[in-house]
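Subject: Handover of a structure

Dear colleague,

Please find the structure below, handed over for your study.

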Number of protein chains: 2
Amino acid sequence: MPYVVIMAGGRGERFWPRSKMAKPKQFLNLIGEKTMLQLTVERVKGLVEISDTYIVAGAEFKNVILEQIPQLPEENIIIEPFGRDTAAAVGLAAMILGQKNPREVMLVLPADHYVGNMRTFQEVLKSAVISTNRGDNVVTLGITPHHPETGYGYIHRGELLETPAGIPIYRAIRFLEKPDYARAREFLANGDYLWNSGMFIWRIDVLREMIKKHLQSLAEGLGEIENSLGTNQYSSTVEKVYSKLPKISVDYGLMERADNISVIPCDFGWDDIGNWTALERYVEKDELGNILHGRGVMLDTANTYVISNDKTIAILGVEDLIIVNDRDSLLICPKNRAQEIKKVVQALADEGFDDVL
Amino acid sequence: MPYVVIMAGGRGERFWPRSKMAKPKQFLNLIGEKTMLQLTVERVKGLVEISDTYIVAGAEFKNVILEQIPQLPEENIIIEPFGRDTAAAVGLAAMILGQKNPREVMLVLPADHYVGNMRTFQEVLKSAVISTNRGDNVVTLGITPHHPETGYGYIHRGELLETPAGIPIYRAIRFLEKPDYARAREFLANGDYLWNSGMFIWRIDVLREMIKKHLQSLAEGLGEIENSLGTNQYSSTVEKVYSKLPKISVDYGLMERADNISVIPCDFGWDDIGNWTALERYVEKDELGNILHGRGVMLDTANTYVISNDKTIAILGVEDLIIVNDRDSLLICPKNRAQEIKKVVQALADEGFDDVL
């Protein structure tokens, strides 16, 4: 059975004030009772053993991970000394897992995405495992676009390669950066372009070969760390080497450079839950488009989303706002600027209000 | 020296969530450290003894009054069993004060107005006391209008009657109800129309005669209460009689009917502090017109007024809002609807959220 490596190193600032430096998006229960990380672990249940589940994150998140996934063996948390983008993180994981079973398949999943249809999701993964288990290719999951999104990268798919377990897998011709609106519309109309979900499936040895070929300095750094594995020098070596590793994503560092990439077009209700407005899709609105999580009244108000932890809320005569009243902070902004909440977090940091960040 | 009767029976709902049923506007420190009631008492210092200061209010406000004005003799709080408008309230006060000194002058002042220039205010009152002390007239204070306000009643002034202590006093020809905008503009252009401030000066005996003449049923009710004065039947008599008294204001019941009314045009920085937006005049704004009382940041935001008791506030991309984050509630509305906060209070009551009202 394959390994899963869950990437839990994100900052998730766009869910401030709920998300904090100490508890970013992946550790929040934004949809339903379970946290994004818990949902991610649950999503591969039956496909991956919990003992084969690994989570990459900063040391500061070790406790929250063990709290949220109590059945996870503590040694399955792979500590990044600091964020060095995804290529270094998957490389470190592959190096560690390679000690156990160097030819096993490894699934890479972000900890903070949402998937609506778990059955289809698992069918896709099974087929990707079959494909990568027998070949030297990488399978990526591309999401069938539903609108001309400018916030994601795209994957241009080519010819059909195979159909293991009934799921068609195509050649990935090219990885493309976030397009402008006109190009995004072209991509949508064309039909051969998929959203890059950041989910990858590969054999450990295949990934390590790719790193050697395309990211020489990363391969060297990982080699140095590998030599310290099992010794009491490990932590200090990771600490020392990690800062010198190239800071590059899997997409830029590997996917754009390699020619063994394939893609499965997926439509399993994927959502990266990018900011507060994304949550609206999962809750019912009143006839004026309002949502009120909490106690209060909304008068002459339309299309406004209120999430309130405490206090009684009274809104009169506003439109298209997001209002998040959390334990220590209150955020108010128009929905169409929810993407800019990072600016707010930066401004609060500049003012020295670190206790709420 | 004259008596002062401070009318503290108002509901002040437009300052919700700061104002509560148990603590309306007159008991709040909206401007500076002192409450509106404390400022009102202080404003007549030197002109009226504290032992001659009387406050009319509901029984539920007795404690807050004694807390805020600790030097006030407890028996100087005149309890209204319930609100029965201003004619009944001043009538009750005049009946009680009439036992002490029936020919003394009595100033009637609302507890919840603001006066910027206390010296001019006292000069006006001194002149009004001279005039009413020697005549059978009522002096009212009319505010020189600065804009075509449609929210106040107006007083049409006539010829100059006298100039005691250098302050000119005019005949009041007529009391007019709140005008529409076109009429308010005419009033402003004409120059002979003044805002009705609700402040009255009269001798106790003159007022009692006016009540006998113009409000027969009020006079009868007050007579019944007077008969119980000093007996253990007083409270129950007030309670019983009060509900039968006519519910009418001094303006409608007396001023519009009488022909002995004079008016002093005043310009002493009067403000009835009608709602949250009124407070903006007393605080400094930043270059974008924003005010932030509390801790936080405001980005790409203009002309927005934030009053926050706790929590860190983060506002992005809004305009012209009032945001009041109080102990138990959060209010958000456009400034131009601040006058409608009563609707919000009603809606909260309808929902049964009485604990925040």
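Against which elements of chain A do the buried residues of α1(A) pack? Before the reply, please note that this is a predicted model. Chain A has an average pLDDT of 96, and 100% of its residues score at least 70. For the model, ipTM is 0.87 and pTM is 0.89.

The helix α1(A)

The partners of the buried residues of α1(A) are β1 (3-7), β2 (53-58), α2 (62-68), β4 (105-110), β5 (114-115) and α4 (118-134) of chain A. Helix α1 covers residues 36-43 of chain A, and because six of its eight residues are buried, the helix is largely enclosed by the rest of the structure. Those buried residues are Met36(A), Leu37(A), Leu39(A), Thr40(A), Val41(A) and Arg43(A).

The strand β4(A)

One of the elements packed against α1(A) is β4. Five of the six residues of β4(A) are buried, so this strand, too, is largely enclosed by the rest of the structure. Strand β4(A) runs parallel to β1(A), to which five bridges join it. Within β4(A), Met106(A) is the residue that stands opposite Tyr3(A). Strand β4(A) also pairs with β9 (residues 193-203) of chain A, in the antiparallel sense and over four bridges. There, Val108(A) has Phe200(A) of β9(A) as its bridge partner.

An exposed glycine

Is Gly223(A) buried or exposed? This residue lies in helix α7 (residues 216-228) of chain A. Gly223(A) counts as exposed because it has 12 C-beta neighbours inside 10 Å, and a residue with 12 or fewer falls in that class. Although Gly223(A) and Leu92(A) are 131 residues apart along the chain, 9.7 Å separate their C-alpha atoms.

The two domains of chain A

The domain assignment divides chain A into domain 1 (3-271) and domain 2 (276-356). Taken over C-alpha atoms, the centres of domain 1 of chain A and domain 2 of chain A are 31 Å apart. How many residues of each domain are in contact with the other? Nine residues of domain 1 of chain A touch 15 residues of domain 2 of chain A. On the side of domain 1 of chain A that touches domain 2 of chain A, five residues are nonpolar, four are charged and none is polar.

The contact between chains A and B

Chain A and chain B each give 29 residues to their contact. On the side of chain B that touches chain A, the elements with two or more residues are β12 (291-299), β13 (305-316), β14 (321-325), β15 (329-334) and α10 (341-350) of chain B. The residues on that side of chain B comprise 18 nonpolar, four polar and seven charged. Strand pairing also links the chains: β15 (residues 329-334) of chain A pairs with β13(B) in the parallel sense over four bridges. In this pairing, Ile315(B) in β13(B) stands opposite Ile332(A).

How the copies are related

Yours sincerely

Key:
Residues are numbered from 1 along each chain as its sequence is written. Chains are lettered from A and ligands numbered from 1 in the order in which they are written. This is a predicted model: local features need pLDDT of at least 70, side-chain atom pairs count only at pLDDT 80 or more; totals for chains, interfaces and linings use all residues. Domain bounds come from an automatic or database domain assignment. Two residues are in contact if their C-beta atoms, placed from the backbone, lie within 7 Å. Ala, Val, Leu, Ile, Met, Phe, Trp, Tyr, Cys and Pro count as nonpolar, Asp, Glu, Lys and Arg as charged, and the others, Gly among them, as polar. Two strands pair if DSSP finds at least two bridges between them. A residue is buried if 20 or more other C-beta atoms lie within 10 Å of its own, exposed if 12 or fewer, and partly exposed in between; C-beta atoms are placed from the backbone. pLDDT is the predictor's confidence in each residue, from 0 to 100.
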